[in-house]
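This report describes a protein model for a reader new to it. Please look over the sequence and structure shown here before reading on.

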Amino acid sequence: MASERSLADGYCEHFRYDFDDSIALSVIFGICFIFGVFFIFAGYRFFRTSLFFQTFSLVSLLTYLLVSSLLDRSTVLNAIISVASGLLLGILSMFVTTMGLLMTSLIQAIFLTTSILYAVHIFETVSNVFVAPCICLVLFILLSVPLLKWQRGCAVIYICSYGAILMMLAVDFFIDLSMLRLMGYQNILVVKRTVQPCWFSWCVLALWPLMLFVGCIVQFLKTARDCDHRHKPQWYKRRSNSEPGVRLLSSKSDVIAQAWIHPPVSPSTSDKYNYQHSVNNEDEVFLMEDTTSV
């Protein structure tokens with residue numbers, strides 16, 4: 001098995017391309033690579049789509065791991081349950097922006113926790129299962145506070161980081177059959193490592209800061225320069241907010257016209273305007289002089 005190889009077996013002397021038996025995973029990670037490029041260079045412009053996909057991927061993955069470990073179900077049923085829960089919370093995060101931003105912070109906290117455990121494992125083996133959750137919780141709080149305070153800038157950075165993570169995981173699969181991801185699971189779950197990182201594993205991990213830097217430059221200078229998710233588009237604004245629905249009434253409380261059809265008459269100049277109404281009988285013409293605006 002690939003997961004049982006070590007440095008002594010010459011594992012780091014070559015890349016691994018024998019993923020022909022994992023067609024489904026190849027398709028999934030191919031899609032992840034495409035979405036990663038999309039989020040790196042234009043993620044913030046499609047802000048709600050980014051929130052949906054981040055929440056969907058995180059919730060689906062966590063649900064699948066939880067269901068597969070607790071329930072004795074088929075793989076297809078576990079996948080259906082995971083996708084359904086991911087779709088539900090993903091759609092909810094599209095409309096509740098605060099929830100989507102918190103899920104974005106949680107993704108970054110999980111990835112940074114994994115990266116910290118990578119570095120710590122070089123010098124010392126972590127054996128306490130509570131270390132990873134505590135680090136993740138602290139990082140989640142530290143990342144959520146500035147994100148909620150400076151939403152636009154932090155959202156651009158976090159979305160670029162998420163795209164870089166997707167690209168890194170895809171490259172890790174196609175080059176090394178997800179050995180980097182496997183070591184991340186082993187570090188977080190505090191189980192014995194069956195593999196050690198190779199030199200190209202660190203190169204794959206270095207894709208994250210590199211693509212994060214490139215994506216931030218592109219989005220801040222070009223694709224996200226004129227975008228702000230806190231400002232509603234012009235078509236979304238209700239007309240009543242900018243032009244209150246003022247109606248004109250006669251002395252008999254008859255509605256003459258709406259404000260957007262007929263301009264409202266200010267009280268100071270209402271005496272200057274007279275409205276005449278004609279009926280079939282020419283003799284029945286009256287003058288409405290007591291017009292007011294309410």
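## Contacts and overall make-up

Of the contacts in the protein with a separation of 6 or more, 71% are between residues 24 or more positions apart. The model is a predicted one.

The protein contains ten helices and five strands. It has 294 residues, and 37% of them are buried.

## Surface

About 18000 Å² of the protein is accessible surface, and carbon and sulfur atoms contribute 66% of that area.

Val-83 counts as partly exposed because its relative accessibility is 37%, a value between the limits of 20% for buried and 50% for exposed residues.

## Aromatic pairs

Twelve aromatic pairs are present in the structure. Among them is the pair of Phe-29 and Phe-173, which is stacked, with 4.7 Å from centre to centre and 15° between the planes. This pair links distant parts of the chain, since Phe-29 belongs to helix H1 (residues 23-42) and Phe-173 to helix H6 (residues 151-176), 144 residues apart. Both Phe-29 and Phe-173 are buried.

## Aromatic cluster

One aromatic cluster is formed by Phe-35, Phe-38, Phe-39, Phe-46 and Phe-53 together with Tyr-162.

Conventions
Residues are numbered from 1 along each chain as its sequence is written. This is a predicted model: local features need pLDDT of at least 70, side-chain atom pairs count only at pLDDT 80 or more; totals for chains, interfaces and linings use all residues. Side-chain values use heavy atoms; hydrogens and water are left out. Helices (H or I, at least four residues) and strands (E, at least two) are DSSP runs, numbered from the N terminus. Buried means under 20% relative accessible area, exposed over 50%, partly exposed in between (1.4 Å probe, protein chains only). Contact means heavy atoms within 4.5 Å. Accessible areas come from the Shrake-Rupley method with a 1.4 Å probe; for residues, only the protein chains shown count as cover. Rings of Phe, Tyr and Trp (its six-membered ring) pair if their centres lie within 6.5 Å; planes under 30 degrees apart count as stacked, over 60 as edge-to-face and the rest as tilted.
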